[in-house]
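Me: I would like to go through the packing of this model. Please show the sequence and structure before we start.

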Amino acid sequence: MKRLVLMMLGALVACTGPAAYEKGGLVPLKLDEATLSTAYAPRRIALLVGIAEFQDPQWRNLRYSEKDAQDLAAALQDPARGHFDQVRLLTTPEQTTRASILAALRELQQEATRPDDVVVVYFSAHGTLSRDGQGELKRYLVTHDASYHSIAQTALPMDVLKAEFDKLPSRRRLLVLATCHSGNGKSLLPKELEQELAGIKSGFYARPLEESSRASMVFAACDWGETAREDEGLRNDIYTYFLIEGLNGSADRNADGAVTATEAHDYARRRTFAFTQGRQRPSAEILEVGADPVVLSGSIDRLGRPELFSYNPRLDGFTLKVDGEPRTDLPGGTAVMPGNRIVELTKGDAVLVRREVEVAEGQRLPLEQLLADAFPHRSLSLVGGMFSFVDRRSRTELLPASPDVGVALRLEDRPLQDFALMLDLGGSHGRHQLELVPGSQVPFAYTRLSLGVGMPYLWRWDRLSLFAGPRVAALYLRRSFAVDTFVGGQEYFTFSPGLMGGAVWRLSERLELISQMQWMLTYVVVDGKGQAVGFAGGLAGVGYRF
């Protein structure tokens with residue numbers, strides 16, 4: 001042992017001795033602090049695509065798509081504005097084929113590898129609609145090599161584009177689509193499809209693309225069914241022109257020194273709407289905008305004024321008023337002075353919410369938060385319905401279908417946003433008859449109680465809410481017999497996993513109608529034999545929100 005210690009000490013001395021004997025030892029490493037900071041700094045990368053020319057003459061060439069991408073590249077590369085580290089521009093015919101664009105997106109996935117990298121992907125091109133191999137209507141980006149008569153096989157499907165965009169590791173990513181699919185402006189539709197759509201209201205088709213994943217943004221130059229336009233006077237796509245204009249600093253509404261993606265979009269949206277006299281309304285889908293947004297121009301060098309904003313589709317069309325003054329139509333946002341403010345959301349003469357809030361410098365307040373705080377999140381309901389075992393044998397030998405009455409408590413957005421914690425207690429008492437042998441009736445009295453806990457997900461549209469999710473329940477059943485051959489009782493108690501679903505219709509701020517279904521699986525022992533059985537229930541009633 002002593003020898004081993006001496007050997008270890010000798011090795012340590014050898015590693016820390018004179019420079020002539022430093023081979024294999026620890027060599028001091030001096031790192032420049034600025035170099036180290038640069039290595040760990042998030043990168044700012046952009047991929048900009050402008051498709052102006054097409055192989056198939058059926059697609060008319062666009063005048064300014066290439067210039068749109070070039071002008072945006074100049075703004076993002078400008079050290080005084082975007083100061084992006086890398087801007088890749090795709091405008092030539094060989095760069096704007098379907099294969100080349102997909103390859104560029106996949107290269108971008110290998111380059112922007114940090115979660116805090118800022119990534120901007122931009123397209124200025126034709127858009128179109130076509131039916132895929134299953135006959136489903138899809139949206140497509142018209143690439144340079146797209147064939148007018150084989151759109152689904154040759155153009156770039158928007159859902160494929162969005163899927164590649166979603167693979168980016170970055171949490172700060174922005175996709176801008178200066179294109180449309182309405183059949184006008186920067187869009188072309190096959191004649192047969194144009195005639196088909198002419199007889200269908202545009203609202204029939206849900207927006208298939210603008211459903212962005214968490215912490216990503218998708219901006220479109222126009223709303224679904226509208227036209228994106230180029231303008232000879234501006235010599236650009238209209239939305240792109242105002243988006244670039246906003247990067248000069250004019251879009252910095254909270255005066256913090258930086259233009260974020262949402263600020264730039266809101267500026268371009270308002271200017272585009274006014275320039276086209278309301279015929280073109282740029283849209284945005286943003287599921288999460290936190291304290292670290294996508295900065296497109298400048299840098300945050302001071303606390304900005306408080307911002308109030310919403311990009312939630314539930315609030316589309318509402319007007320935001322601050323201290324009685326209309327500030328903006330939603331979706332969008334506005335900056336206000338710090339302090340106590342009276343905030344209202346109105347539509348016509350109707351006031352959705354009116355609250356006094358205190359806002360501080362640098363604060364960003366989602367308007368959905370005010371809406372959530374304004375309405376009760378709890379509901380207590382009186383419900384009634386039916387309980388029944390699913391299989392015929394259980395209904396015959398255990399308990400036939402029976403009435404069910406009880407109470408249900410619902411806590412919305414608890415413990416997680418857009419989820420609910422639901423508790424229900426129900427049961428019944430009565431008499432039934434079992435026909436164990438044909439022609440022979442066995443009367444019995446029963447008592448049944450059930451206690452359930454569920455955590456479903458909530459989908460909410462105005463007054464209607466739908467919910468669905470997992471549920472667990474405890475079931476107690478007692479049966480009492482008094483016949484010639486047997487006097488006594490049987491008891492069953494079991495826990496059951498299952499599913500629940502239902503709907504809530506809000507009649508007023510306090511009253512609602514609720515319906516609920518549940519499907520459970522349990523295990524019981526009947527006459528000494530165990531069996532897995534399923535049971536289901538349907539309930540409906542009136543609830544009070546508090």
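Me: Which residues of the largest nonpolar core touch the most other members?
Reply: This is a predicted model, where local features need pLDDT of at least 70, side-chain atom pairs count only at pLDDT 80 or more, and totals for chains, interfaces and linings use all residues. Residues are numbered from 1 along each chain as its sequence is written, and side-chain values use heavy atoms, with hydrogens and water left out. A nonpolar core is a set of buried Ala, Val, Leu, Ile, Met, Phe, Trp, Tyr and Cys residues joined through side-chain atoms within 4.5 Å, buried being under 20% relative accessible area with a 1.4 Å probe and protein chains only. Among the 40 residues of the largest core, those with the most member contacts are Leu48, Leu76, Phe84, Leu174, Phe219, Leu247 and Leu296.

Me: Which element supplies the largest share of this core?
Reply: Helices (H or I, at least four residues) and strands (E, at least two) are DSSP runs numbered from the N terminus. Elements giving at least two residues each include β1 (44-50), α3 (65-77) and α8 (238-250). The largest share, six residues, comes from α8.

Me: Which residue in β6 stands opposite Leu141?
Reply: Strand β5 (residues 137-141) is joined to β6 by two bridges, and the two run antiparallel. Opposite Leu141 stands Leu156.

How values were computed: Buried means under 20% relative accessible area, exposed over 50%, partly exposed in between (1.4 Å probe, protein chains only). Two strands pair if DSSP finds at least two bridges between them.
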